[in-house]
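Colleague: I've got a model open and would like to talk it through with you. Can we go over it piece by piece?

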Amino acid sequence: MTDLLERDAFIAALDGLLADAGTGDGRLVLIGGDAGIGKTALIDAFCQSHASTTRVLAGACDALSTPRPLGPLLDISRQAGGELQRLLTTGANREPIFGALLNELGQHSQPIIVVIEDIHWADDATVDLIRFLARRLSGLRALVIATYRDVEIGPHHPFRLCLGDLATSRSVRRIVLPPLSEEAVRVLAGSSSLDPSALHRQTGGNPFFVAEILASGEPGMPATVRDAVLARIARLGSDARAALDVAAVLGFRSESWLLTDLLGSGAAALDACVVAGVLRPEPGGFAFRHELARDAVLDAISPVLRCALHRRALEALRLTADDPDALARLAHHADMAGDREAVLAYAPAAARRAVELQAHREAAAQYARALRWSREWEPAVRAPLLEGFAYHSYLTDRHTEAVDAWTQALAIWRRVGNPLKEGEILRLLSRPLWYLGRSSDAEASISASLSVLEPLPRGVELGWAWSDLSRLRMLAGESEAAVVWGKQAFLLGERLGDAGLQAHALNNVGCARLELGDEGGSDDLERGLAIALAANLDEHAGRSYANLVSMALISFQLARAEHWGEEGSAFTLDHDVETYRLCLMSQRPVQLFLQGRWSEAVDLASTLLSRADLSPLYRLLALTVLGRVRARRGDPEAAAALDAALALAGPTVDLSRRVPVFMARIEAAWLTGDHACAEAEINAACVIAGELNDPWLKGELAYWRWQVGSSAKPPSGIAKPYAQQLAGDWARSAASWESLGCPYEAALALADSGDEAALQRALAEFNQLGARPMAAAVTQRLRRLGALGIARGPRPTTRANPARLTAREMEVWDLLAEGLRNAEIANRLSVSTKTVDHHVSAVLAKLGVRTRTEAAHARALHAPSHRQSGELAHAT
Amino acid sequence: MTFSRTDRRIEKGGRDMPRYLVERMFPDGLDIPVTEEGAAAVLGVVSRNTEQSVIWLHSYVSDDKRRTFCIYDGPNPEAIRRAAACNDLPIERIIKVSVLDPYFYQ
């Protein structure tokens with residue numbers, strides 16, 4: 001029980017989560033709500049009630065225009081001390097820092113509470129930190145509490161994307177704090193002369209606003225929170241007011257030494273601010289009672305005074321300039337004080353620190369800040385700033401800004417006469433240009449780069465230009481050229497001992513060779529992966545996995561796709577390589593679809609489509625799968641999904657992704673019996689497919705032409721199962737599809753026979769898959785043959801698999817129920833223990849149970865041998 | 001307790017969702033007694049539907065009780081299928097429909 005009104009249920013929920021954490025099953029709880037709704041008050045009350053038994057580490061994101069990277073962790077490290085603090089103050093990189101935090105959390109037998117406040121202001125590195133923690137909670141005796149204002153998290157906010165990721169995690173809970181009821185406001189108003197209903201209406205039940213109005217002692221009711229805060233402050237003396245001004249300029253929190261330094265004898269007035277309830281004391285300093293109060297104070301300071309105060313803050317803080325994490329703060333005050341020299345000293349340094357912590361957005365913002373203060377006539381100062389800004393804008397998908405800044409930097413290096421730089425920037429420019437859909441500009445840029453670099457001594461810059469050129473050729477479908485340039489890049493990379501260049505080049509060469517039907521491409525891809533793994537180049541390794549999977553899928557090697565997909569997902573998850581993790585996840589629906597695992601395919605596709613950060617290319621893949629499954633099931637809205645896919649399949653998309661959209665549209669039209677529409681889609685596909693090389697897509701296109709009754713001779717070089725089908729050998733074709741693991745395609749081959757037994761097999765398979773249109777068509781064919789005993793669709797039994805586990809997860813669940821340990825399961829299934837760990841977590845999450853024992857128990861209840869009947873059926 | 005599940009439902013809203021007719025076959029006939037047990041079975045379905053953001057409006061049952069035509073609001077056909085799977089209900093076909101009111105044409 002606490003003094004807070006209408007918050008007992010939430011405290012009880014937190015108590016429950018802390019108890020979970022105490023058993024070694026860590027939790028992350030996200031507490032959302034408007035500013036002033038009482039998130040901090042709730043946490044304070046909760047932590048207070050466990051103060052005697054539980055350690056609390058707390059940090060907050062700051063509202064600086066460009067926040068300190070890992071700001072909350074800096075706060076936490078000061079409380080935790082030890083290795084974590086040492087690493088952060090010596091400017092270590094991100095990985096050891098995250099690792100040290102994990103150690104800190106893992107070494108206690110008592111549960112620990114970690115509070116991270118205001119994550120709507122989080123820098124990129126802090127967002128990654130929360131994701132990192134959320135994934136490693138099981139096994140930690142930790143309750144992580146993060147607060148955020150929901151209104152400040154728009155659809156493209158970096159944390160929104162993270163929220164989407166976390167939503168499915170078993171360890172994550174969300175609480176949204178509601179406003180107070182009128183009843184509660186009445187209690188708070190007590191003996192005040194204000195009308196409680198009017199007070200409730202005016203404040204919307206916002207506890208902070210209510211408290212401010214009550215404390216302001218005004219006879220009327222201030223219209224806004226700001227007015228209420230200012231009315232309260234107006235009653236303080238001028239010393240206290242001056243102290244508040246300084247504190248507001250310093251930030252939400254400020255250190256005692258700094259306040260004393262700046263206020264001199266005026267520091268005594270801080271006590272009055274505490275007594276008045278505007279500031280509250282904290283270990284080593286003071287904080288505003290609420291960010292809203294700080295905002296109100298800061299806004300009321302005149303611009304001239306504010307500038308002067310920032311200048312004084314800057315002078316005082318210069319003493320801390322050797323602390324790598326003071327740099328963002330120094331840059332902020334320098335900027336606000338209008339001190340050009342100081343901005344140019346601190347902002348680039350703060351940017352470099354942000355790069356070390358992989359906070360790319362913040363790095364770009366610091367470079368942009370420095371650029372605003374740099375002068376046109378100082379090219380030597382500007383060029384590196386422009387390059388830094390461009391590179392980190394490119395990494396955070398702001399390609400227009402990247403093109404603009406690199407173009408400016410290019411002009412500078414040309415004027416100064418530095419061809420190596422000129423060539424390098426021309427090469428880099430080709431990347432954002434390509435992403436912006438300006439492929440001919442990208443081509444021109446890379447050609448210009450080569451003509452600058454080729455006359456110079458052969459260095460790594462030239463190697464990268466060749467490799468980027470190879471990639472562009474591959475994307476344009478010019479595979480032979482891609483192989484030539486990629487090989488040249490690889491050999492130079494080998495000679496110079498540059499692993500990144502070698503891995504990049506091998507990826508291009510491997511994909512291009514496979515596109516040409518040269519199986520040796522797989523070896524290139526695997527070799528590229530090995531090089532990247534050996535050199536700890538996580539991004540390059542992620543790219544290799546993604547390419548291995550997509551190339552396997554294009555040629556229907558589903559087992560291979562599954563193998564690399566599983567290994568790649570585990571790797572990218574462990575190494576936090578988000579881009580390629582998403583890329584691998586986006587390809588999985590295609591594999592599941594081809595394997596006939598439609599429910600899993602559409603579930604994953606829908607999850608992906610709900611993410612705002614899904615690139616158009618992956619959106620296209622997910623929509624195509626969704627449309628195809630709907631069409632094959634005979635469900636509505638297949639056309640809607642495939643129209644949306646078509647809208648994304650513009651000319652910049654490479655053919656191997658673009659043509660399948662047309663295949664899906666042909667199939668959907670054909671399944672509804674609209675052959676005219678199917679023919680129109682076939683013609684559209686022929687126009688864009690042109691000189692299609694890929695034997696599988698060529699085969700599928702020929703198959704559809706044949707299905708709609710074209711008498712044209714099938715082209716040569718089409719994939720085997722299609723060739724067999726078109727030659728009338730449905731039995732062999734079905735066997736080929738079966739050995740590839742594609743049940744629907746196999747049944748489709750059987751469906752073309754005039755043989756009753758084959759048709760019955762096809763029907764059984766279509767019924768099993770839930771493929772209603774084809775099941776209906778085959779039933780008709782059987783009736784025409786006068787067949788007896790035509791099977792009706794079986795009722796899909798789902799009770800045996802209540803949590804919609806994947807086939808692999810079912811296997812893991814079975815073995816787990818037999819009492820096997822993860823290592824034993826891994827042995828049995830010939831996968832890595834890490835992969836099994838992931839499957840086990842997924843099984844527990846989907847079943848909604850906490851322990852393996854509970855999962856094993858649940859398995860016994862759902863054993864297929866004594867399948868439970870549904871509740872509704874039970875009621876009959 | 002306001003956990004996210006309800007919020008997600010509110011965010012998506014019920015009004016703009018498409019409507020579906022779901023045809024189901026019960027070879028052994030369907031009989032839900034008008035008893036507490038029957039009410040509990042039906043409410044169980046309703047609450048599991050909620051998890052998939054699916055709303056069961058009402059159903060028409062054929063005289064032989066072997067076929068039902070159920071009217072649902074839901075975000076997409078997959079949600080209808082997921083809800084059916086959670087409730088162990090068969091699906092014969094899903095058709096997207098809209099309302100035609102004869103008395104609207106006066």
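Colleague: Which residues of helix 43 of chain A are buried?

Modeller: This is a predicted model, where local features need pLDDT of at least 70 and side-chain atom pairs count only at pLDDT 80 or more, while totals for chains, interfaces and linings use all residues; side-chain values use heavy atoms, without hydrogens and water. Residues are numbered from 1 along each chain as its sequence is written, and chains are lettered from A and ligands numbered from 1 in the order in which they are written. Buried means under 20% relative accessible area, exposed over 50% and partly exposed in between, with a 1.4 Å probe and protein chains only. By that cut-off, the buried residues of helix 43 (residues 822-829) are Asn822(A), Ile825(A), Ala826(A) and Leu829(A).

Colleague: Glu6(A) and Asp118(A) have my attention next. Is Asp118(A) buried or exposed?

Modeller: Glu6(A) lies in the segment before helix 1 (8-22) of chain A, has a phi near 55° and is partly exposed, at 38% relative accessible area. Asp118(A) is in the loop between strand 3 (112-117) and helix 6 (124-135) of chain A, and its phi is positive too, about 60°, although it is not a glycine. With a relative accessible area of 12%, Asp118(A) is buried.

Colleague: Which residues does Asp128(A) touch, not counting residues up to four places away in sequence?

Modeller: Asp128(A) is found in helix 6 of chain A and counts as buried at 19% relative accessibility. Contact means heavy atoms within 4.5 Å. On that basis Asp128(A) touches Arg94(A), Phe98(A) and Gln358(A).

Colleague: How many Å apart in space are Thr320(A) and Arg859(A)?

Modeller: Thr320(A) is in the loop between helix 16 (303-317) and helix 17 (327-337) of chain A, where it touches Trp257(A) and Ala326(A), leaving out residues up to four places away in sequence. Thr320(A) and Arg859(A) are 539 residues apart in sequence, and the C-alpha to C-alpha distance is 59 Å.

Colleague: Zooming out, what is the radius of gyration of chain A?

Modeller: Helices (H or I, at least four residues) and strands (E, at least two) are DSSP runs numbered from the N terminus, and chain A has 46 helices and 8 strands. Its C-alpha trace spans about 100 × 85 × 50 Å along the principal axes. The radius of gyration is taken over C-alpha atoms, and the globule rule is 2.2 Å times the number of residues to the power 0.38. For 876 residues a compact globule would come out near 29 Å, which agrees with the value for chain A, 32 Å.

Colleague: In what order do the elements of chain B run from the N terminus on?

Modeller: Chain B has 106 residues, of which 40% are buried. There are 3 helices and 4 strands in chain B. From the N terminus on, the order is α-β-α-β-β-α-β.
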